[in-house]
Amino acid sequence: MTSGLLKLCLFSILCLSLAASAGSPPRKRAWITIGDAAFRQIKTVAPELTSIESRQVRVEDGSEKVHAVVLDEGKLVTIAAAIHQRMGQCGGFMYHASESEARAALDRRRFVLPARLYGIHRRDVVEPILANMQEKPIESTILALSAFTNRYYASKSGVEASNWLLSAWRELAAGREDISVALVAHKGYPQSSVTLTITGTDLADEYVVVGAHLDSIISFGMSETARAPGADDDASGVASMTEAIRALIDSGYRPRRSIHVIAYAAEEVGLRGSQDIAKQFKQANRKVAGVLQLDMTNYKGAPNDIYLLTDYTNAAQNAFIAELVGAYLPELKLGYDKCGYGCSDHASWDAQGYPVSMPFESSFARDNPTIHTSRDTLANSGGQTAHALKFARLAAAYMVELSF
Ligand code: IPO
Ligand code: ZN
């Protein structure tokens with residue numbers, strides 16, 4: 001018998017015996033990586049969980065222990081709920097489809113980026129764009145997105161919300177040959193991410209990325225028909241980003257680098273959409289000047305206007321963001337905070353070694369108490385969009401300066 005045939009035989013025997021011994025089909029396994037504090041919390045509801053590997057990972061200003069854990073896929077919902085309930089909105093986890101992906105996620109390699117100069121060079125372009133930005137369009141985007149029953153990654157209305165955004169962005173891009181709008185499909189669930197790309201005039205293969213997540217969730221009783229408006233989390237981020245793009249297009253500005261705007265699918269269930277996209281960027285060896293994440297921009301819960309997250313983000317780019325605020329939004333007060341492992345899509349880019357920042361609406365201790373409930377509505381963020389406009393302006397300044 002040839003060795004190929006022998007292997008095939010052994011494989012068939014193994015499969016047959018596995019199938020015979022199982023009786024019922026084996027349950028589907030999933031892997032997550034999770035910070036130590038959150039892991040200890042979920043152990044209280046699922047004590048059987050053990051980590052298959054643990055590693056102390058370095059973040060910009062300290063370190064944190066992170067575990068890779070294997071579990072039944074059905075347990076993911078319980079875990080998301082337990083983290084939310086026991087840790088407030090803070091801390092999260094990253095979903096992985098295989099053991100090797102989970103182990104790889106513990107290995108946080110950093111890209112050495114070509115040195116580039118952050119700086120304020122385009123006041124002439126930025127100032128008129130910021131002056132033209134308004135609350136009204138932000139409000140309409142938030143209201144439109146939060147009107148979907150929910151935007152859950154696995155639900156019908158979650159797919160409809162993604163299609164709605166596709167058409168809204170196509171309208172913004174109408175008549176511009178250098179702008180493309182597309183859906184990015186993901187494996188294993190029906191919701192797609194949405195992207196808008198302005199192709200750069202002379203550094204088209206270098207990208208400035210701005211993202212926010214499209215999906216919404218409630219912690220308890222999520223279903224097709226459950227109401228998850230997600231007005232702040234994260235219709236607000238999508239709306240801020242959309243207003244930045246609207247004003248940029250309206251000004252007729254043509255960036256030297258490409259600007260790539262992404263509304264991610266499936267953030268709430270382990271950063272799945274953004275992990276796919278960040279991995280695709282790395283696989284394609286794409287150059288990324290920087291990434292900005294907007295997750296929650298419209299609830300002002302604390303004294304400062306913008307809190308820059310210092311963990312799982314890039315310190316040099318954070319300093320540049322502070323510089324942008326000083327130059328273009330000098331009336332705003334800037335604070336700093338942390339939100340733990342896997343707390344939003346910035347972690348997906350950080351995991352692939354790309355420089356990322358996340359300006360946040362509030363401090364960790366005073367964040368929006370309604371998120372992940374049916375009460376996350378515009379009315380419960382004060383019925384206004386003044387706060388989200390600050391983040392929209394920051395995003396517009398970031399896009400222009402970094403794409404120059
Ligand atoms: C979140 C982000 C930063 C901080 I500080 C606190 C809370 C929200 C995030 N965990 C979420 O639910 N994103 O969808
Ligand atoms: Zn959320």
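I worked on a predicted model, in which local features need pLDDT of at least 70, side-chain atom pairs count only at pLDDT 80 or more, and totals for chains, interfaces and linings use all residues. Residues are numbered from 1 along each chain as its sequence is written, and side-chain values use heavy atoms, with hydrogens and water left out.

I checked the length of α3 (residues 76-87): at 1.5 Å a residue, its 12 residues should span 16 Å, and the end C-alpha atoms are 16 Å apart, which agrees. The expected span is 1.5 Å times one less than the number of residues. Helices (H or I, at least four residues) and strands (E, at least two) are DSSP runs, numbered from the N terminus.

I found L76, I79, A81, A82, I83 and H84 of α3 buried, meaning under 20% relative accessible area with a 1.4 Å probe, protein chains only. These buried residues pack against β1 (29-35), α2 (36-45), β3 (62-72) and β4 (93-96), contact being heavy atoms within 4.5 Å.

**The sheet**

I traced 4 strands in an open sheet, ordered β2-β3-β1-β4, with antiparallel pairing; two strands pair if DSSP finds at least two bridges between them. β2 (51-59) and β4 stand at the edges with a single partner strand each, so one side of each lacks a neighbour in the sheet. I counted 8 bridges joining β2 to β3, and E53 stands opposite A68 in β3.

Conventions. Chains are lettered from A and ligands numbered from 1 in the order in which they are written. Buried means under 20% relative accessible area, exposed over 50%, partly exposed in between (1.4 Å probe, protein chains only).
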